[in-house]
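Here are some exercises to work through with the model open in your viewer. Try each task before you read its solution.

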Amino acid sequence: MEMLSVEKELKENSYPGRGIILGKSKDGKKAVAAYFIMGRSQNSRNRIFAEDGEGIRTQAFDASKLTDPSLIIYAPVRVLGNKTIVTNGDQTDTIYEGMDRQMTFEQSLRSREFEPDAPNYTPRISGIMHVENGEYNYAMSILKSREGNPEGCCRYTFAYETPGAGEGHFIHTYMHDADPLPSFEGEPKLIAVNGDIDEFTELLWESLNEDNKVSLFVRYIDIATGKYETRIVNKNQ
């Protein structure tokens, strides 16, 4: 698979929607996660990321303008022991609760499907990172409608063992801006992960469409110790 530039992928797509990147830093020492949200409507754009324990939550920037919280207010990131869960919806809680009961990542998502937001039927994208005893692996999932038909749900899981240094995988909700929004297709994209946490955060934020970007979360986890650093960028300050 060709390794892509995430900068180019983002700059050439005005509306990838919500996106997850999981990978490993170029020096091979850090597990890397990133999650961003974008918005076209006032309701979607009226959000920020806020720290919540070891994870984050979305919050309304201006509570008086919040019209429908059902699909936009959730915990995108939660930590369960040595596992970090990153998703684009409240399935974060579903995965957390399932894995806490010894279910697998894939089994935990069996009770969920794409979002009920006709006519887009936004895919649910999810990631799980496992860092323990100097070892690191991750997996990604997408639950999507059957070619825009809500009568069928297609479930895809991609697992990556011993990821390569400087490599990551990028999955997002929409192929591009349109009405209705077309769901992501194919495998997660192989991308280069360059720089330290501040450099990578800046690269991602500056590459996202200025009008549509809302918030960005980036975390680097030391594979040897499990200690982590986090960066959060919100367009609404």
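**Exercise 1. Find what E115 holds on to, and decide whether E115 is buried or exposed.**

Solution. Start with the side chains: those of E115 and R18 are joined by a polar contact of 3.1 Å. A polar contact here is a pair of N or O atoms within 3.5 Å; within protein, one must be able to donate a hydrogen and the other to accept it, and residues adjacent in sequence count only if both atoms are side-chain atoms.

Helices (H or I, at least four residues) and strands (E, at least two) are DSSP runs, numbered from the N terminus.

Now list its surroundings. Leaving aside neighbours within four places in sequence, E115 is in contact with R18, L71, N88, Y121, T122 and R124, where contact means heavy atoms within 4.5 Å.

Finally, the burial: E115 counts as buried because its relative accessibility is 2%. The cut-offs are under 20% relative accessible area for buried, over 50% for exposed and partly exposed in between (1.4 Å probe, protein chains only).

A word on the ground rules: this is a predicted model, so local features need pLDDT of at least 70 and side-chain atom pairs count only at pLDDT 80 or more, while totals for chains, interfaces and linings use all residues. Residues are numbered from 1 along each chain as its sequence is written, and side-chain values use heavy atoms, with hydrogens and water left out.

**Exercise 2. Trace how β1, β2, β12 and β13 pair up.**

Solution. Begin with β1 and β2, which run antiparallel and are joined by six bridges. Two strands pair if DSSP finds at least two bridges between them.

Then go on to β13 (residues 228-234), which pairs with β12 in the antiparallel sense over seven bridges. V218 has R231 as its bridge partner in β13. This is also a hairpin with five residues between the strands, and G226 in its turn has a positive phi of about 85°.

**Exercise 3. Which residues touch the most other members of the largest nonpolar core, and which elements build it?**

Solution. That core has 26 residues, and I20 and Y35 touch the most other members. A nonpolar core is a set of buried Ala, Val, Leu, Ile, Met, Phe, Trp, Tyr and Cys residues joined through side-chain atoms within 4.5 Å. Two or more residues come from each of β1 (19-24), β2 (30-38), β7 (124-132), β8 (135-146), β9 (149-161) and β12 (213-222).

Zoom in on Y35: beyond four places in sequence, its contacts include I20, F49, Y74, V86, L216 and F217. Then look elsewhere for another core, apart from this one, with 21 residues, among them L10, Y15, L181 and W205.

**Exercise 4. Work out which residues of α5 are buried and what covers them.**

Solution. Walk along α5 (residues 197-207): I197, F200, T201, L204, W205 and S207 are buried. An α-helix has 3.6 residues a turn, so residues three or four places apart point the same way. The cover includes α1 (6-11), β1, β2, β11 (189-192), β12 and β13. At the start of α5, check D196: one of its side-chain oxygens reaches to within 3.1 Å of the backbone nitrogen of D198.

**Exercise 5. Is the lysine K24 buried or exposed, and what does K24 touch?**

Solution. Locate K24 in strand β1. At 14% relative accessibility, K24 counts as buried. Among the residues that K24 touches beyond four places in sequence are K30, Y136, E167 and I223. K24 and I223 are 199 residues apart in sequence, yet their C-alpha atoms are 9.4 Å apart in space.
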